[in-house]
Amino acid sequence: ALKAFEIDEEKPQTIERYGDTEFGRGALLARRLVEKGVRFVQVNRGGFDNHGGIFDAMRNHGGVMDPAIASLISDLKANGLLSKTLVVVLSEFGRTPRINGGGGRDHWARCFSCMMAGGGIKGGTIVGASDADGMEPAERPVKVPDLHASLCHALGISLNKELITDQGRPVRLVRKEATPIRELFV
């Protein structure tokens, strides 16, 4: 798997397609690691705490993330790996639907989005919708534990699995009441 880190072996056109940025190279490295059989890869993109200057920040994020994620998914599909690789794009919470006085958006946990591809996820599926202002879920709200259950389901992990801490305490991976989001799966 260490050979995967030799990104400069890629064609310049491939690096350009992903974007010659930290995130673009991270997504390209993720593809290379998956091709080598690495089972879990995480690519981070910081800088989303935009309490000010949201418009320029979002244009920048989109310009960096869109080509990298699209190339990752496209290449995994072309290499026959997307069906057994789960790609998840998610942050810890959403943002206020209204722009604040500083030209930014603040923390908002009531309504946010997650993108998933591969790993048995039915492509093009949209589950739920917010109200017109993006303030609250309006259709088919999904709770965070159900998202966790969906991730475990896609990864083939039992929803009933318990781990035992070093102190001998059992901890469930997913809450008992959580259920996978069935609309997502083929």
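Why are Glu35 and Arg31 separated by about one helical turn? They are four residues apart in helix 2, so about one turn lies between them; helices here are DSSP runs of H or I with at least four residues, strands are E runs of at least two, and both are numbered from the N terminus.

Before going on, the conditions. This is a predicted model, where local features need pLDDT of at least 70, side-chain atom pairs count only at pLDDT 80 or more, and totals for chains, interfaces and linings use all residues. Residues are numbered from 1 along each chain as its sequence is written, and side-chain values use heavy atoms, with hydrogens and water left out.

Glu35 and Arg31 form a salt bridge with the closest N and O atoms 2.9 Å apart; the term means a side-chain nitrogen of Lys or Arg within 4 Å of a carboxyl oxygen of Asp or Glu. Arg31 is buried at 7% relative accessible area, and Glu35 is partly exposed at 37% (buried is under 20%, exposed over 50%, partly exposed in between, with a 1.4 Å probe and protein chains only). Salt bridges that share partners join these two into one network, with Lys3, Glu6, Glu9 and Arg32 among its other members.

Next, Glu9 and Arg32, with closest N and O atoms 3.9 Å apart. Arg32 is buried, at 9%.

Lastly, Phe112 is in the loop between strand 3 (107–108) and strand 4 (115–118), and counts as partly exposed at 33%.
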